[in-house]
Amino acid sequence: MLFLPLSRVISQLGLQDSLYSLMLVYPSFTVPFATWLMMGFFKTIPRDLEDAALIDGCSRLAALRRIVFPISLPGILTVVIFTFSLVMNEFVYAVTFISSSHQRTLSAGVPTDLIRGDLFQWGAIAAAVLIPSIPLALLYNLFLNRFIAGFTGGAFR
């Protein structure tokens, strides 16, 4: 449903064949996805913790900064990583809005530039698939302890 109106907006703004078109388009599906994930996570935070902070003398902003934000950090990190994964694997918009080979994203460039008819360059394809997975794996590994602490922390509150 978003594809046709977004392609018209990209065309009218003159952003065809530029990465700016993707920077304009990607929030159209990442923001609702991130909002939906965060809503579920914020619903699990007990309201009593914020109320206790308010009774102890914190302002609403201080309670948000000292209580809610540290508890919701694993959820925020999860949303960031899932959104990053979603954008890295997005194909349709990248193929449609970027036509030149030197501007393409990795997910669009691998199948369009490394496959020529019946000739598959398997070594190059395997390397191109491995490259974007490395930062993603490092990101998951870097925040793994924080995820586990956040997910299991609800059992002890």
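Start at helix H7, residues 106–113, where Ala108, Gly109 and Val110 are buried. Buried here is under 20% relative accessible area, exposed is over 50%, and partly exposed is in between, with a 1.4 Å probe and protein chains only. Helices are DSSP runs of H or I with at least four residues, strands are E runs of at least two, and both are numbered from the N terminus.

Quick caveats: it's a predicted model, so local features need pLDDT of at least 70 and side-chain atom pairs count only at pLDDT 80 or more, while totals for chains, interfaces and linings use all residues. Residues are numbered from 1 along each chain as its sequence is written, and side-chain values use heavy atoms, leaving out hydrogens and water.

So what covers the buried residues of H7? The cover includes helix H6 (92–97), strand S1 (115–116) and helix H8 (122–142), with contact meaning heavy atoms within 4.5 Å.

Now on to H3. Its buried residues are Phe29, Thr30, Ala34, Met38 and Phe41. They cover an arc of only 150° around the axis, so they're on the same side of H3; that arc is taken from the directions from the helix axis to the C-beta atoms. The face turned away from that buried side carries exposed Trp36 and Lys43.

And the partner? H3 packs with helix H5, residues 60–88, at about 150°, axes 10 Å apart. Axes are lines fitted to C-alpha atoms over the stretch in contact, and angles run from 0 to 180 degrees between N-to-C directions. Contact residues include Phe33 and Leu37 of H3 and Ile71 and Gly75 of H5.
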